[in-house]
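Hello,

Here is the structure I promised to pass on. Please open it first, then read my notes below.

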Amino acid sequence: VKPEDFLRLTALQELLGGVAHEINQPLNAIMIASQVIRLRVERSHLAEEQEAFLTERLDLISSQAQKAAQIIDNFRSLGDHDESSDTETLFRALFDQVLGLMGQQFISRGIDLICEMHDPASLIKGTPQVVRGIIVQALVFGRDAVQAIGGWHEKNGIAYKRILNATLSDEQGRCVFHLVWDRGQVLDWTALINPNAYAGLKAAKSILSSRGGGLKLTDDALRLIFPS
C-alpha cells in the first residue's frame, strides 16, 4: 500500500465516526418531529380520511429516517477500532450489516441477490471489522462478475438472468460462505473480469489463510472458509 493511500484510509477511518454522528443528529430530529406531529394529528378533529392520509405519510417519514439511521450505524461499524482478534461473532449479523450498505448496488445493476442462510447461528472467530471487510470484498467481486457476464450475454443477444446466490453453511465446525453465479455461455469469464485486479480479494485470501481459513475462486463460485 502506498503511503498516500494508507494516510487517506486512516484519515477516513478517524473521520467516519464524526460524520456518522453529525448525520444522526438531524435524523433523530426528524423522527422526533414526525412523532410529535403525529400525536397532534391524532388529537385533532380532522376528517378520518385526512387523518389517515397524514398518519400514513408521517409513518413513512419516521420509518425512512430509522432506516437511514441504521445504514449510518452499519457504515460507522466498518470504521470501528476493534483490536480483539479472537472475538466470536455471528456471521449473519455481520453479513446483514454489510448488506444494509451494499444492497442498493445490486438492485441498481439489476442483480437479484438471493440469500439462503441455512445456519444463521454460525459463529466465526476474528475481528468484526476485518470480517466485515472480507464480506465486502466478496460481494464486490460477485457483483462485478455477474454484471460482466450479464453484459456479455446482453451484448450478444442471449438471455441471461443476473442472479447471485449467497449461502451459509457449517462444514466440520467451520462457517463456509458461498457466492454462486451462472457463467452462462461465457467460455472464459476471466477475460471479462480479472480476479488479479482485485487487491481487496487478495488481501481477504491472505487473512483467511493465515488464520486457518481459506478462499477459493472457481468459474462460477467464490468460497470463503472462516475460522471458528
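How many residues lie between β4 and β5 in their hairpin? There are two, and Gln172 in the turn has a positive phi of about 55°.

Some ground rules. This is a predicted model, where local features need pLDDT of at least 70 and side-chain atom pairs count only at pLDDT 80 or more, while totals for chains, interfaces and linings use all residues. Residues are numbered from 1 along each chain as its sequence is written, and side-chain values use heavy atoms, without hydrogens or water. Helices (H or I, at least four residues) and strands (E, at least two) are DSSP runs, numbered from the N terminus.

Strands: two strands pair if DSSP finds at least two bridges between them. β4 (residues 163–171) runs parallel to β2 (residues 112–117), joined by six bridges. Ile114 stands opposite Asn165 of β4. With β5 (residues 174–180), β4 pairs in the antiparallel sense over seven bridges. Here Asp170 has Cys175 in β5 as its bridge partner.

Helices: the axes (lines fitted to C-alpha atoms, for helices over the stretch in contact, with angles from 0 to 180 degrees between N-to-C directions) of α3 (residues 91–108) and α4 (residues 128–155) come within 9 Å and cross at roughly 40°. The contact (heavy atoms within 4.5 Å) involves residues including Phe91 and Leu94 of α3 and Val131 and Arg143 of α4.

One more residue: Ser62 sits in α2 (residues 48–77). Leaving aside neighbours within four places in sequence, Ser62 contacts Met31 and Ser34.

Best wishes
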